[in-house]
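Reader: I am new to this structure. Please take me through its terms, one by one.

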Amino acid sequence: MTPKQLEAHRRTLEKLRAEALKAGPARIEPNRKDSATAGVADEDAQALSEMLQVLASKRNEGQAALVRQIDRALAKLVDSPDEFGLCEECEEEIGQRRLTLVPWATLCVDCQTKRDPKLGGTRKKLTDFK
């Protein structure tokens, strides 16, 4: 990969990282609104509150995982730029289109398919793999 391509990937990764951090974590609302009561009075409201907490928590987990993947890719660009864009399994080049869409990708499509055969069978887009 040329230095110009590496620099373009670095800029893209930094931009994606900034966007992910700017969004901030989703707020997880407590079930309890009033300090004098425990839980939510309405059972439907309780279920909805718990579902919203789970959704916010999952969003936060996904956002943290994305930032970790981006940080790992940025570190690889700094520590071993000659290895950036190479599959960690087969050491073949990861396709430019895949790296453009998923700049933190560490595996080529073939190796990702082997690792996640369930996804490989139903894959519709290049970005279905992380």
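Author: Start with patches. A patch is made of residues with over 30% relative accessible area and no salt bridge; like charges are joined within 9 Å, and nonpolar side chains (Val, Leu, Ile, Met, Phe, Trp, Tyr) within 5 Å. Areas come from the Shrake-Rupley method with a 1.4 Å probe, and for residues only the protein chains shown count as cover. This is a predicted model: local features need pLDDT of at least 70, side-chain atom pairs count only at pLDDT 80 or more, and totals for chains, interfaces and linings use all residues. Residues are numbered from 1 along each chain as its sequence is written, and side-chain values use heavy atoms, without hydrogens or water.

Reader: Which residues make the nonpolar surface patch?

Author: L48, M51, L52 and L55 make it, with an area of about 390 Å². L52 sits in helix α2, residues 43-79.

Reader: Why is L52 called partly exposed?

Author: Its relative accessible area is 47%. Buried means under 20%, exposed means over 50%, and partly exposed lies in between (1.4 Å probe, protein chains only). So L52 is partly exposed.

Reader: How many helices and strands does the protein chain have?

Author: Five helices and zero strands. Along the sequence the pattern reads α-α-α-α-α. Helices (H or I, at least four residues) and strands (E, at least two) are DSSP runs, numbered from the N terminus. Of the 130 residues in the chain, 28% are buried.

Reader: What makes E7 and R10 a salt bridge?

Author: Their closest N and O atoms are 2.1 Å apart. A salt bridge needs a side-chain nitrogen of Lys or Arg within 4 Å of a carboxyl oxygen of Asp or Glu. The pair therefore counts as a salt bridge. Both residues lie in helix α1 (residues 3-23), three residues apart, about one turn of the helix.

Reader: Why is E7 called partly exposed?

Author: E7 has 30% relative accessibility, so it counts as partly exposed. R10, at 25%, is partly exposed too.

Reader: How do you know that K76 and E88 form a salt bridge?

Author: The closest N and O atoms are 3.4 Å apart. The pair links distant parts of the chain: K76 is in helix α2, E88 in the loop between α2 and α3 (96-101), twelve residues apart.

Reader: Is K76 buried or exposed?

Author: K76 has 19% relative accessibility, so it counts as buried. E88, at 37%, counts as partly exposed.

Reader: What is the distance between R115 and E89 in their salt bridge?

Author: Their closest N and O atoms are 2.7 Å apart. This pair also links distant parts of the chain, with R115 in helix α4 and E89 in the loop between α2 and α3, 26 residues apart. R115 has a relative accessible area of 51%, so it is exposed. E89, at 48%, counts as partly exposed. Salt bridges that share partners also join E7, R10, R11 and E14 into one network.

Reader: How many salt bridges does the whole structure hold?

Author: A search finds eight.

Reader: What is the volume of the largest pocket?

Author: About 190 Å³. It has 14 lining residues, and the closest to its centre are Q69, R72, W104, A105 and T106. Helix α2 gives the most to the lining, with four residues.

Notes: 1 Å grid on protein atoms, 1.4 Å probe; cavity = no way out; pocket = protein on both sides within 12 Å on 5 of 7 lines; lining within 4 Å. Points joined across faces, edges and corners; volume = space filled by probe spheres on them.
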